[in-house]
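Here is a short tour of one protein chain, written to be read with the model open beside it. We will begin with the overall fold and then look at how some of its parts pack.

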Amino acid sequence: TWAVLAAKHPSQNAVLQYRAAHPAERSEEIARRLGPQDGQPLTAANVRQLLKRGRAVFAELLIEQVAHSLVNPTPDEVDAELAELKLLEYVKPARE
């Protein structure tokens with residue numbers, strides 16, 4: 001899932017990975033530490049937007065990966081599997 005995100009959305013991946021490793025850092029500090037992304041300056045607002053978009057994409061990738069692990073899955077079966085893996089709370093916004 002991380003590899004797919006990195007390949008398709010490298011800036012979102014960079015910001016999400018950094019946030020995962022440094023959960024207490026503010027957007028301003030993340031922007032300063034990561035510097036320009038895709039040739040563009042990285043601002044605190046950019047960081048927040050990349051986090052929002054990256055979380056949504058990552059959630060979709062997780063749902064897709066879990067669905068592929070099941071045989072003919074229904075949405076309820078995918079949700080049950082995500083709940084068992086303790087991942088449902090992370091993908092709920094993408095499911096709504």
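Helices here are DSSP runs of H or I with at least four residues, and strands are runs of E with at least two, numbered from the N terminus. By that count, this predicted model holds six helices and zero strands. Reading along the sequence gives the pattern α-α-α-α-α-α.

**Overall picture**

The C-alpha trace spans about 45 × 25 × 20 Å along its principal axes. The protein has 96 residues, and 30% of them count as buried. Its exposed surface comes to about 6,400 Å², with carbon and sulfur atoms supplying 54% of that area. If we take the contacts between residues at least 6 apart in sequence, 42% of them join residues at least 24 apart. As for charge, there are 12 positive and 13 negative side chains, and the centres of these two sets lie 10 Å apart.

**How the helices pack**

Two packed helices are described by the angle between their axes and the distance between the axes. Helix H4 takes part in both of the pairs set out here.

| Helix pair | Axis angle | Axis distance |
|---|---|---|
| H4 (residues 44-68) and H5 (residues 75-84) | roughly 105° | within 10 Å |
| H2 (residues 10-21) and H4 | about 95° | 8 Å |

How do H2 and H4 lie relative to each other, roughly parallel or roughly perpendicular? Angles of 65 to 115 degrees count as roughly perpendicular, so H2 and H4 are roughly perpendicular to each other. On the H2 side, the contact is made by Ser11, Gln12, Val15, Leu16 and Arg19. On the H4 side, the residues include Val47, Leu50, Leu51, Val57 and Phe58, along with Arg53, Gly54 and Arg55.

**A closer look at Val66**

Is Val66 buried or exposed? With a relative accessible area of 7%, Val66 falls under the 20% cut-off, and therefore Val66 counts as buried. Leaving aside residues up to four places away in sequence, Val66 touches Val78, Glu81, Leu82 and Leu85. Asp79 is 13 residues from Val66 in sequence, and their C-alpha atoms are 9.1 Å apart in space.

Technical notes
Residues are numbered from 1 along each chain as its sequence is written. This is a predicted model: local features need pLDDT of at least 70, side-chain atom pairs count only at pLDDT 80 or more; totals for chains, interfaces and linings use all residues. Side-chain values use heavy atoms; hydrogens and water are left out. Buried means under 20% relative accessible area, exposed over 50%, partly exposed in between (1.4 Å probe, protein chains only). Contact means heavy atoms within 4.5 Å. Accessible areas come from the Shrake-Rupley method with a 1.4 Å probe; for residues, only the protein chains shown count as cover. Lys and Arg count as positive and Asp and Glu as negative; His and the chain ends are not counted. The place of a charge is taken as NZ of Lys, CZ of Arg, CG of Asp or CD of Glu. Axes are lines fitted to C-alpha atoms, for helices over the stretch in contact, and angles run from 0 to 180 degrees between N-to-C directions. Angles under 35 degrees count as roughly parallel, over 145 as roughly antiparallel, 65 to 115 as roughly perpendicular and the rest as oblique.
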